[in-house]
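Student: I would like to learn how to read a structure. Please take me through some of the features.

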Amino acid sequence: RRSGPGLEKETLLGLVLRIGTPMDNKAVSTQFQGVARRSRNDVKNTTDGLRRQLRIYQDAVHNFVRSLITSGEEGRKPVLQWFTDALLVNTGATALRPDKTKVSNPQTLQNIAVVLLKLCERFMDDPSRVHPGFVWSPEYHGGIFATDGEDAFPRLGENTESCSELYDAKNKFIPQCFFLTARALHLSVVAGASHHTNITRQVNHTAWSLRQRNGDVTNDPNFNYILSMQLANEVSMLSPEMLIDSLRFFNLSSGFLMNISDTALSFMPEHLVSDICDFVVFVNRFAEKQMEGVDLGRVFKVVVKLLSPQYADIVKNYNLRAKLGDVLHDIYLPSDEVGRSSSISCDPRAGGQPYLLSDATAQESLAPSLLLLYGEVEHTGYYEKMGHRANIASLLQFLWESKEHRNAFRIITQNKTSFTTFANGIMNEMNSLIVTVMEKLPEIRSVQLRMANAQEWGALSEEERETVSSRHEDNEQEVKRALPLCNKTLKMLGFLSTDSDIRSLFLMDELCPRLVNMLLHVLTKLVGAKGMELKEVGMVLNLLHGYFSYTTSTNSKHNLHTPIMNNKKVDNPESYNFRPKEMLSDLCAIFSSYADLLVFQEHCAKSGYYTNDLMTKAVKTCSKLGLLKDKSMEVFAALPDQVQIVSKTIESDEALTIDAPDEFLDPLMLTFMKDPVLLPTSGTIIDRATIKQHLLNDPNDPFNRKELSIDMVEPATELKERMTKWLEQKRAERDSKMEE
């Protein structure tokens with residue numbers, strides 16, 4: 001049976017292409033021995049020297065292959081067949097741990113990709129020359145795009161067993177070369193990017209573990225070995241020429257995906273899109289400088305296209321859609337904070353404007369696309385969704401602040417169902433995040449104090465220290481994931497709430513009670529009497545109440561403007577993105593946006609989280625710290641008194657219904673119904689607001705678990721009429737007594 005190693009040993013091209021700088025080659029890795037003790041310049045010189053050798057070799061191989069291909073049909077056909085065979089026998093190269101007895105050396109696969117990239121040079125800037133029919137023509141692709149069997153792989157769309165479009169390319173070498181390159185990059189460079197990310201993660205974790213044990217990172221042999229593997233891998237994996245050629249190819253691939261019909265798009269391998277996302281994000285993380293000057297305009301356009309609601313039925317893979325959102329955030333969101341080059345996020349053809357602002361399609365569809373994506377990433381995993389949603393929130397804030405996208409946000413308010421789903425997701429997320437953070441921060445501080453106590457820490461066994469450290473790292477990672485999303489979600493609620501149309505949606509019966517409860521829940525955690533989680537870690541108590549103890553002494557170990565918390569604050573709070581003053585400021589701003597609205601005041605009065613002491617305390621703290629200004633502060637400061645007034649009215653109304661018949665009461669909330677409706681699935685009558693709230697999180701009848709949607713419920717007209725007459729009679733009796 002054929003195999004990758006067999007191809008390397010028994011074919012001429014295999015023998016030629018297997019030479020390179022693999023990281024497991026001792027001749028390469030030994031050049032990075034003791035690397036943690038060497039200067040950065042020394043390491044750079046070693047890397048540059050190896051890369052020069054590799055480039056000379058790859059150029060020679062390319063010239064050799066090119067001479068065979070241009071020699072005529074007799075030379076070209078067997079060479080292209082060899083590349084096809086090489087791709088077929090190396091399908092296992094994308095595995096987490098490829099089987100070395102079946103798969104070629106990574107350097108062989110990378111050399112194949114580099115040679116094929118160079119063959120694409122003649123049409124690299126013209127995607128119109130690539131015909132999609134190659135993918136559904138087995139007689140041409142030779143099995144590398146199989147639709148069935150063990151070698152089949154996911155397509156973008158469903159039901160793609162056959163395609164009726166003819167493969168009638170005039171020059172069949174171009175599509176063949178393009179798709180061979182796409183497969184080669186998938187098996188080599190993209191797979192290698194994932195592998196390199198894992199190596200880097202291992203290096204960072206090893207360094208962290210050593211520091212936790214007060215170990216010597218510089219001289220630790222295991223750390224030096226792992227770091228030498230990383231640097232040896234970077235010789236080829238981060239080679240500037242290869243990175244730039246690959247980026248250009250993925251821009252070509254994006255243009256190709258933009259040009260083809262929806263039918264053809266559905267038939268394309270899913271990895272064509274996934275590879276674009278994975279690779280541009282990888283280069284942005286590890287070699288951002290190489291992106292400068294590379295045109296990635298087509299990548300932006302295809303991401304916007306595939307994220308749009310119109311293509312949600314074609315690109316259904318939630319993980320893939322989440323990757324598309326991450327590309328927008330990591331590559332195209334302008335960010336002065338991280339020093340991203342404007343040449344990456346801005347369109348030179350639009351006068352240097354950011355792609356997010358200059359692209360007409362983005363102006364029309366991106367805002368609703370991101371709201372849709374916010375809900376979809378729920379399916380990507382508990383931890384993964386936090387990062388995705390934090391990215392989406394940042395993108396939405398940027399779009400919100402841009403006049404180019406305001407019309408799209410206005411259109412969003414016209415689709416109440418879609419917005420309700422999005423808003424409900426925000427509130428669920430916020431409640432979950434705040435609980436996670438407040439549970440983990442005290443644990444983190446407790447371990448920090450134990451580690452700082454040399455005697456106590458030393459008294460533990462090695463196994464006990466390892467267990468505590470592992471748990472501590474897990475807690476840190478969870479908080480670092482949760483807090484950025486927590487902060488950005490509050491900010492997103494804040495800027496959305498400044499729009500009157502969006503505020504009216506948040507005030508709907510199915511959303512307003514949840515909004516109020518969520519805001520009060522967070523407020524309780526920050527300033528409430530039960531906010532002991534924050535007091536325990538010493539992060540917020542003095543900060544929120546304005547009792548800052550700043551030091552100006554040049555001999556002090558504290559930094560200027562760092563609150564002194566009597567040795568109770570978490571070390572390096574900024575590393576966790578924990579900024580409680582900023583959180584409280586955002587929270588108070590949201591309250592201020594709704595504080596003068598009667599329906600909001602009513603739901604505050606009804607909420608089990610609300611107390612007058614809590615809100616009064618929040619107002620005083622906000623005023624003392626100067627978190628709100630002028631009119632906003634006035635409106636917020638008036639909220640406690642307004643809620644007290646509304647509470648009396650509610651108490652008076654509730655007194656009327658205290659002896660109401662059971663049939664007038666909501667069966668879940670036991671409150672007097674305002675708008676009774678019949679659930680046809682169970683025959684139960686319930687208040688419309690109650691069932692609406694229930695269906696936001698559960699699409700089933702709460703009484704028998706049958707599938708139910710809000711458009712299925714029926715007004716309980718006869719009961720409503722009897723309730724109205726009964727209530728009118730009660731009010732008349734009350735008014736009569738008051739007159740007496």
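Tutor: Start with accessibility: a residue is buried under 20% relative accessible area, exposed over 50%, and partly exposed in between, using a 1.4 Å probe and protein chains only. By that scale Arg471, at a relative accessible area of 43%, is partly exposed. This is a predicted model, in which local features need pLDDT of at least 70 and side-chain atom pairs count only at pLDDT 80 or more, while totals for chains, interfaces and linings use all residues. Residues are numbered from 1 along each chain as its sequence is written, and side-chain values use heavy atoms, with hydrogens and water left out.

Student: How many salt bridges are found in the whole structure?

Tutor: A salt bridge is a side-chain nitrogen of Lys or Arg within 4 Å of a carboxyl oxygen of Asp or Glu. The search finds 29 of them. One of these joins Arg471 to Glu443, with the closest N and O atoms 3.2 Å apart. Arg471 belongs to helix α22 (residues 462-496) and Glu443 to helix α20 (residues 416-452), so the pair ties together parts 28 residues apart in sequence. Glu443 is partly exposed, with a relative accessible area of 30%.

Student: What do the names of helices and strands refer to?

Tutor: They are DSSP runs numbered from the N terminus: H or I of at least four residues for helices, E of at least two for strands.

Student: Which residue forms a salt bridge with Glu718?

Tutor: An α-helix has 3.6 residues a turn, so residues three or four places apart point the same way. Here Glu718 bridges to Arg722, and their closest N and O atoms are 2.6 Å apart. The two are four residues apart in helix α33 (residues 717-739), which puts about one helical turn between them. Glu718 is partly exposed at 47% relative accessibility, and Arg722 is partly exposed at 32%.

Student: Which residues are linked in a network of salt bridges?

Tutor: Glu378, Lys385, Arg389 and Glu429 form such a network.

Student: What is the order of the strands in the open sheet?

Tutor: Strands of a sheet pair through backbone hydrogen bonds, either parallel or antiparallel. Two strands count as paired if DSSP finds at least two bridges between them. In this open sheet of three strands the order is β4-β3-β5, and the pairing is antiparallel. The edges are β4 (684-687) and β5 (714-715); each has a single partner strand, so one side of each lacks a neighbour in the sheet. Four bridges join β4 to strand β3 (residues 676-679), and Pro676 is opposite Asp687 in β4.

Student: Where is Asp220, and is it buried or exposed?

Tutor: Asp220 sits in the loop between α8 (173-212) and α9 (221-237). Its relative accessibility is 19%, which counts as buried.

Student: How does the span of helix α14 compare with the expected one?

Tutor: The expected span of a helix is 1.5 Å times one less than its number of residues. Helix α14 (residues 318-332) has 15 residues and reaches 21 Å from its first C-alpha to its last, close to the 21 Å expected. The helix is mostly covered, with 12 of its 15 residues buried. Among them are Leu320, Leu324, Val327, Leu328 and Ile331.
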